[in-house]
Amino acid sequence: MLLKGWYSQNGWKTKLILMNMSNQPSRLRLKLFEGENGRVLVTIHMKLKPKEMRFYELGRIKRIAGKAGVILIESEELIACACHLINLEDEMKVIDYKLARVDMQSSCC
Amino acid sequence: MIKVIFDPENDLLMSEINGKKSMNLKISEGPSPLELLLISLGACAAITLYKSLVIRGGKVKSIEVTLMRPDTVDNRCDHVKEIMMEYSIVAGNITPNEAEEIAMSSLRNECTIAKILAQKMNYHLKVRFKKA
């Protein structure tokens, strides 16, 4: 499955909350893009155990410091991902959202 | 509805989709029905792969699919049990490993024509990747 969302390390800090909803381990590939249509800045590979929940601070990735853009998560199994953004100037400003599932369009036929 | 009309006198194969003429082929000059099937497979595979790459953020410049029949005996249609497919992909924002992985999965799980033919044929896939 494929999930799509938006991260920002530009005036904000972003934390991902990843949950493996299945009873099988799942390999994940996270891709962080520069803006909406830019290049891939970072690709992260991770593996979640069955039903595992993991918090991932994007602040630990130096290559995306000061950047914002699309985040794509590809997973073998059913997962859910929430994104928690906190404004750096005013920590009372918080955005929480769930990454949307992107469905593969039908084939050519 | 698709209608196929064969006119032996004029050596012509015509097809209509929902009553509209879509294609006229001279049998002696044009592709054979088996070649048309392979063209369909290649076209479907290329379009499906393009969609799969784009949805994952890939910037695709071109996809070329080459199809070969290694097991054809005397060019007989009924001996096609294997298809060698070679993808040449020129794309950005994607790694060669990723492109290969996506090509395999799009052919197995998403390409309509490949899924239909998979009941009778095996595919051998090779992916060549060039960064755009």
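Visitor: Why is A:Val42 called partly exposed?

Guide: Welcome! This is a predicted model, and A:Val42 has 16 other C-beta atoms within 10 Å. A residue is buried at 20 or more and exposed at 12 or fewer, with partly exposed in between. A:Val42, with 16, therefore counts as partly exposed.

Visitor: Where is A:Val42 found, and what is it in contact with?

Guide: A:Val42 belongs to strand 4 (residues 40-48) of chain A. Leaving aside neighbours within four places in sequence, its contacts are A:Leu32, A:Ile61, A:Arg63 and A:Ile64. A:Arg63 is 21 residues away from A:Val42 along the chain, yet 7.2 Å separate their C-alpha atoms.

Visitor: What makes A:Val42 and A:Arg63 a contact, with 7.2 Å between their C-alpha atoms?

Guide: The 7.2 Å is between C-alpha atoms, whereas a contact is judged on C-beta atoms, which must lie within 7 Å. A:Val42 and A:Arg63 are in contact, so their C-beta atoms lie within 7 Å.

Visitor: What elements does chain A have?

Guide: Chain A has nine strands and zero helices. From the N terminus on, its elements read β-β-β-β-β-β-β-β-β.

Visitor: How do you know that the radius of gyration of chain A agrees with that of a compact globule?

Guide: For 109 residues, a compact globule would have a radius of gyration near 13 Å. Along the principal axes, the C-alpha atoms of chain A fill a box of roughly 45 × 35 × 20 Å. Of the 109 residues, 28% count as buried. As for contacts between residues at least 6 apart in sequence, 75% of those in chain A join residues at least 24 apart.

Visitor: How many residues of chain A are in contact with chain B?

Guide: 13 residues of chain A are in contact with 14 residues of chain B. On the chain A side, the elements giving two or more residues are strand 3 (26-33) and strand 6 (68-75). By class, that side of chain A has eight nonpolar, two polar and three charged residues.

Visitor: What does the secondary structure of chain B come to?

Guide: Chain B has three helices and six strands, in the pattern β-β-β-α-β-β-α-α-β along the sequence. Chain B is divided into domain 1 (1-30) and domain 2 (33-131). The centres of these two domains of chain B, taken over C-alpha atoms, are 27 Å apart. Buried residues make up 26% of the 132 residues in chain B.

Visitor: Which residues of helix 2 of chain B are buried, and how do you know on which side they lie?

Guide: The buried ones are B:Glu98, B:Ala99, B:Ile102, B:Ala103, B:Ser106, B:Leu107 and B:Glu110. They cover an arc of only 155 degrees around the axis, which puts them on the same side of helix 2 of chain B. An α-helix has 3.6 residues a turn, so residues three or four places apart point the same way. The buried residues of helix 2 pack against helix 1, strand 5, helix 3 and strand 6 (122-131) of chain B.

Visitor: What about helix 1 of chain B: how far does it reach?

Guide: Helix 1 (residues 33-55) of chain B has 23 residues and reaches 33 Å from first C-alpha to last, close to the 33 Å expected. Its buried residues include B:Leu38, B:Leu41 and B:Cys44. What covers the buried residues of helix 1 includes strand 4 (59-68) and helix 2 (96-110) of chain B.

Visitor: Why is B:Asn18 called exposed, while B:Asp11 is called partly exposed?

Guide: The cut-off for exposed is 12 or fewer C-beta neighbours. B:Asn18, in the loop between strand 2 and strand 3 (20-26) of chain B, has 8 inside 10 Å and so counts as exposed. B:Asp11, in the loop between strand 1 (2-7) and strand 2 (12-17) of chain B, has 13 and therefore counts as partly exposed.

How values were computed
Residues numbered from 1 in each chain as written. Chains lettered and ligands numbered in written order. Predicted model: local features only at pLDDT ≥ 70, side-chain atom pairs only at ≥ 80, totals over all residues. Domains from an automatic or database assignment. Helix = DSSP H or I, 4+ residues; strand = E, 2+ residues; numbered from the N terminus. Expected span 1.5 Å × (residues − 1). Contact = placed C-beta atoms within 7 Å. Nonpolar A, V, L, I, M, F, W, Y, C, P; charged D, E, K, R; others polar. Rg over C-alpha atoms; globule rule 2.2 N^0.38 Å. Arc of directions from axis to C-beta.
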